[in-house]
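Here are my notes on the model you sent. Please read them with the structure open.

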Amino acid sequence: MGTGKPAMARADVIRRRNFRSALLHMLERQYKIMGSRRVLKLLADDVCDLICEHHLTEDRVGAGELMWAAAPGGKSAIGTR
């Protein structure tokens, strides 16, 4: 069955696949002129912090706040539920 990687190594790779790593990868590919990998990591960290600060999740909705859930299948038309 060998893929050459032990199960723990595969699990570690899956854990590292997250929004921050995808953002860092995109910044490295498309915005390389911005600076070194360290600068891009700092930028990715700042973007992730902003998202965590401003993105509402169900457990962070306060009293009197609304969170709209997106309808599967695209936009709804006027006059439909």
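How far is the sulfur of Cys 48 from the closest cysteine sulfur? The points below start there. Keep in mind that this is a predicted model.

1. Cysteine pair. The closest cysteine sulfur to that of Cys 48 belongs to Cys 52, and the distance is 6.7 Å. A disulfide needs the two sulfur atoms within 2.5 Å. The pair is therefore too far apart for a bond. The structure holds 0 disulfides.

2. Cys 48 counts as buried, at 15% relative accessibility. Cys 52 is exposed, with a relative accessible area of 53%.

3. Fold. The protein chain has 3 helices and 0 strands. Along the sequence, the pattern reads α-α-α.

4. The loop at Asn 18. Asn 18 sits in the loop between helix H1 (7-16) and helix H2 (19-30). A polar atom of the Asn 18 side chain lies 2.9 Å from the backbone nitrogen of Ser 21. The backbone nitrogen of Arg 20 lies 3.3 Å from a polar atom of that side chain. Asn 18 is partly exposed, with a relative accessible area of 40%.

5. Burial and surface. The protein chain has 81 residues, and 7% of them count as buried. Its accessible surface comes to about 7,600 Å². Carbon and sulfur atoms hold 60% of that surface.

6. Contacts along the chain. Take the contacts in the protein chain with a separation of 6 or more: 23% of them join residues 24 or more positions apart.

Methods
Residues numbered from 1 in each chain as written. Predicted model: local features only at pLDDT ≥ 70, side-chain atom pairs only at ≥ 80, totals over all residues. Heavy atoms only, no water. Helix = DSSP H or I, 4+ residues; strand = E, 2+ residues; numbered from the N terminus. Buried < 20%, exposed > 50% of the residue type's maximum accessible area, 1.4 Å probe, protein only. Polar contact = N/O pair within 3.5 Å; in protein donor to acceptor, adjacent residues only side chain to side chain. Contact = heavy atoms within 4.5 Å. Areas by Shrake-Rupley, 256 points an atom, 1.4 Å probe, with all protein chains shown as cover.
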